[in-house]
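The following questions and answers concern the model shown below. Please consult the sequence and the structure together while reading.

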Amino acid sequence: MSYNRSNIGSGSRNVGRNTFEFGRTYVVRPKGTHQATIVWLHGIGEMGSSWSQFLESLPLPNIKWICPTAPSRPIALFGGAQSTAWFNVEDMSENATDDVEGLDASATHIANMLTNERDDIKLGVAGFSMGAAMALYSATCRVLGQYGNGNRYPINLSVVVALSGWLPCSRIVRSRVHASQEAARRASLLPILLCHGQVDDMVDYKHGEKSAQTLRSTGFQNMTFRTYNGLGHHTIPEELNDVCCWLVARMGLSGYGV
């Protein structure tokens with residue numbers, strides 16, 4: 001498997017009055033037959049390179065991984081300090097205001113990276129922490145067929161994986177999906193894997209559990225929620241093995257463990 005730097009999908013997106021400058025994108029190319037492409041999204045304060053070399057080591061030879069870098073922006077949760085982040089966060093409470101503008105800008109950037117893949121390639125979005133939240137937002141965009149701003153969402157996602165994250169816009173997603181028969185149908189079919197550690201000290205376990213409950217009540221019938229005793233805000237081999245097995249099963253991949 002080759003490990004390459006690439007500028008695909010890098011640049012800026014104009015949304016409203018803000019300009020978001022995305023950083024470098026890293027690509028891990030498949031060493032086997034290219035069957036799937038997954039965009040992997042890092043956590044707050046990280047870069048695409050934080051995960052690209054790690055993903056290269058997974059026994060999934062037929063997946064191409066795209067690892068973009070989020071823009072650097074002021075984060076309200078950090079008192080306005082700059083950090084790489086997919087969107088702004090005030091706090092982790094359910095009453096916090098969702099940064100739909102930032103979410104849409106990043107979701108558009110992610111979708112654009114997948115638009116040039118061949119028609120026979122299965123597509124996915126995955127991530128850790130804030131990257132997991134971004135992946136789940138992309139899932140809701142896919143199901144609704146549009147971003148939060150009403151623009152069309154162009155990608156047919158095959159899978160979504162979220163590790164140690166949460167569901168943005170959780171207060172409104174249920175009513176929006178239930179308002180559309182097509183959205184409800186898509187929600188019932190889209191495979192989603194949520195994983196969360198029970199002693200996570202960064203994104204509390206209750207946020208992952210609440211997100212899973214919201215997705216289930218919204219109609220995401222193909223959603224799996226796995227929890228791990230003693231796991232904090234990081235990954236462990238057991239969790240990663242679960243992710244690999246789940247991806248192989250849901251995407252019909254060959255060559256696992258090669």
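Axes here are lines fitted to C-alpha atoms, for helices over the stretch in contact, and angles run from 0 to 180 degrees between N-to-C directions. Helices (H or I, at least four residues) and strands (E, at least two) are DSSP runs, numbered from the N terminus. This is a predicted model, in which local features need pLDDT of at least 70 and side-chain atom pairs count only at pLDDT 80 or more, while totals for chains, interfaces and linings use all residues. Residues are numbered from 1 along each chain as its sequence is written, and side-chain values use heavy atoms, with hydrogens and water left out.

Q: How are the axes of helix 2 and helix 3 oriented to each other?
A: The axes of helix 2 (residues 100-114) and helix 3 come within 10 Å and cross at roughly 80 degrees. Angles under 35 degrees count as roughly parallel, over 145 as roughly antiparallel, 65 to 115 as roughly perpendicular and the rest as oblique. Helix 2 and helix 3 are therefore roughly perpendicular.

Q: Which residues of helix 3 make the contact with helix 2?
A: Contact means heavy atoms within 4.5 Å. From helix 2, the contact is made by V100, L103, D104, S106, A107 and I110. The residues of this contact divide into six nonpolar, two polar and one charged, where Ala, Val, Leu, Ile, Met, Phe, Trp, Tyr, Cys and Pro count as nonpolar, Asp, Glu, Lys and Arg as charged, and the others, Gly among them, as polar. On the side of helix 3, the residues are M134, Y137 and S138.

Q: How are helix 3 and helix 5 oriented to each other?
A: Helix 3 and helix 5 (residues 181-189) pack with their axes 7 Å apart, at an angle of about 135 degrees. The two helices are therefore oblique.

Q: How many residues of the contact of helix 3 with helix 5 are charged?
A: Helix 3 contributes R142, V143 and L144, and helix 5 contributes A183, R186 and A187. These divide into four nonpolar and no polar residues, and the number of charged residues is two.

Q: How far apart are the end C-alpha atoms of helix 3?
A: The expected span of a helix is 1.5 Å times one less than its number of residues. The 15 residues of helix 3 should therefore span 21 Å. The distance in the model agrees, at 21 Å.

Q: How many residues of helix 3 are buried?
A: Buried means under 20% relative accessible area, exposed over 50%, partly exposed in between (1.4 Å probe, protein chains only). Helix 3 is largely enclosed by the rest of the structure, because the number of its residues that are buried is 15 of 15.

Q: What is the relative accessibility of A132?
A: A132 lies in helix 3 and is in contact with G127, A162, L163, G165 and W166, leaving aside neighbours within four places in sequence. A132 and L194 are 62 residues apart in sequence, with their C-alpha atoms 8.6 Å apart in space. A132 counts as buried, because its relative accessibility is 0%.

Q: Is S129 buried or exposed?
A: S129 is in the loop between strand 9 (122-128) and helix 3 (130-144). Although S129 is not a glycine, its phi is positive, about 60 degrees. With 7% relative accessibility, S129 counts as buried.

Q: What is the relative accessible area of S164?
A: S164 is found in the loop between strand 10 (159-163) and helix 4 (170-178). Phi of S164 is positive, near 55 degrees, in a residue other than glycine. S164 is buried, and its relative accessible area is 0%.

Q: How does T224 count by its relative accessibility?
A: T224 is placed in strand 12 (residues 223-228). Leaving aside neighbours within four places in sequence, T224 is in contact with I192, L193, L194, W246 and R250. Its relative accessibility is 18%, so T224 counts as buried.

Q: How does I236 count by its relative accessibility?
A: I236 is found in the loop between strand 12 and helix 7 (237-251). Leaving aside neighbours within four places in sequence, I236 is in contact with Y228 and L231. At 23% relative accessibility, I236 counts as partly exposed.

Q: What is the radius of gyration of the protein?
A: The radius of gyration is taken over C-alpha atoms, and the globule rule is 2.2 Å times the number of residues to the power 0.38. With 258 residues, a compact globule would have a value near 18 Å, and the protein agrees with this at 17 Å.
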